[in-house]
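Come along as I go.

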Amino acid sequence: MTSLTGTRTLIRLALRRDRIILPIWVYAYLIVAYTNPVSIHKLYPTQAALDAAANGIGTNPALVAMAGPAVDLNSLGGFSAWKFVLFAALGAGLMSILTITRHTRAEEETGRLELLGAGVLGRKAPLTAAVTLALLANLALGIVTAIGATLGGTPFTGSFAYGVSIAAAGWAFTGIAALTAQLSQSARTCTGIAIAVLGASYVLRVIGDTAGPHGPGWLTWTNPIGWALNFHPYSGPRWWIVPIALATTAACTALGYVLTNHRDFAAGLLADRPGPTTATPRLRSPLALATRLHLGLFTAWAIGFALAGFALGTITNSIGSIISGSPQVATALQHLGGQTGLTNAYLAAILNLTGMIAAIYTVQATLRLRGEETSGRIEPLLATTVSRTRLAASHLTYAFAGTAALMAIVGVTTGIGAGLTTHQLGSQLGHDLTAALLQTPAAWTLAGIAIAITGLLPSYSNTAWAAIAMVILIGELGPVIRLNHWAMDISPFTHLPKLPGGTITATPLIWLVLIAAALTATGLTAFRRRDIST
């Protein structure tokens, strides 16, 4: 027996457990990689139109901060890579973090790994299996990205480099996650640390890319996100970045192995502070406990939405120059945003997209109830006078009210950013806040779906993420591939008023609220009647 004994068996087990979620990641990257250049070609069918769009984007600092350096935008491949690579690299990093933590620290925390360790299992086998799975998953993302981009009409050589840049970023965060998974005995804390590194990478990249010729531009090169955005796959790939990413992966993973040998099982390198023997009065209720559990997650989302809203609002004045070369873009944005001009159309489009992203938080907060259940922390609470309905409602409060708060934040910050650039702060703020808040009923329906599945089919609660993926794909790709109306109507966001610029129609909003309420009531009723931890 060696320290790696049982690795192959754990890899097969991990593949079986992730047989749904990993293919969703892969298919999503394939679809977006293909439709991205296809949609760009439809919007900018001539080289003159593409050149005009590239000149409009130029070195706009807000656009550089959001999407990275505007390099090689005069080619279809370069434009599509610039549009997607940041989100692809962030997604690959997030997938790597969740995969590593799920199959290492989370397994220790629940006690399942200790049960497996009672058999023939080497000390380093769990980490090796998780790292292997994450590396293979990122390789798959890179391959399907290259295939999708090639099928979409971009050169194969550049598409291959495009896929490599995304896979390299994911590999680097695989090593980082392997290291952070050793730091705390809590899977939640380890995930939070790794995601904080991911967020810091984005911030450092923004500072470096917008620093100017005399600023700290070197910060871009301190993190995997900056490496991916500066790979330049279609205009002379910087292949020397790949060895740097691989070295980072190897070094962080090796340090993770070292720390594994220097800590006790189910313990972390960071000392855990013991809590008080009794709770303070402000924690002696289910809602207070839910606040403690959800506050960190909500705060992180709120900060991200505030920054994104302001950045998106500040480029409002530039939208005309960006789309000046493409009547197709103008028509598409006007269709999304009503009849009062491109500015309102642009704002309506981004606020609709922001609402779909906020729905991710909605489902995440809703499924926290199931996470508490599977971890065994709900049963001691239910042994007291707390009812199931009251306990579930405390988590749903953050799912529903938290979503509304996030949309209010992004509405205010977008209004401020747009108002400062258009010199109409008062009216812009009110219009954008209203438009943002009207996105919440659609997100609430996804919370209803998640709680209904949790109550009726708890073992399949994670399929709620498939609903999120479907909504985003329909919203972003439906107009591009011209889906039928009945297919578009599957998404609740399709039925929302197109604001600012359009008119408020109450009927679809009322129906969405009623559907969300019915689904939530169904889920709560089923949760109250079924066995716990089934």
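For pockets, I worked on a 1 Å grid over the protein atoms alone, where a pocket is an open set of points that a 1.4 Å probe fits, with protein on both sides within 12 Å along at least five of seven lines; lining residues have an atom within 4 Å of a point. A volume is the space filled by probe spheres set on the points, which are joined across faces, edges and corners.

This is a predicted model, with local features needing pLDDT of at least 70 and side-chain atom pairs pLDDT 80 or more, while totals for chains, interfaces and linings use all residues. Residues are numbered from 1 along each chain as its sequence is written, and side-chain values use heavy atoms, without hydrogens and water.

I looked up the second largest pocket and found about 190 Å³ of space in it. Its lining has 13 residues, and L113, G122, R123, P126 and F265 lie nearest the centre. Helices α7 (112–117) and α8 (125–151) each give two or more residues to this lining (helices are DSSP runs of H or I, at least four residues, numbered from the N terminus).

**Aromatic rings.** I searched the whole structure and got 13 aromatic pairs (ring centres of Phe, Tyr or Trp, the last by its six-membered ring, within 6.5 Å; planes over 60 degrees apart count as edge-to-face). F79 and W82 make an edge-to-face pair, 5.9 Å centre to centre with 75° between the planes. They sit three residues apart in helix α5 (residues 76–103), so about one helical turn separates them. I also noted one aromatic cluster, formed by F156, F160, F231 and W239.

Technical notes:
Rings of Phe, Tyr and Trp (its six-membered ring) pair if their centres lie within 6.5 Å; planes under 30 degrees apart count as stacked, over 60 as edge-to-face and the rest as tilted.
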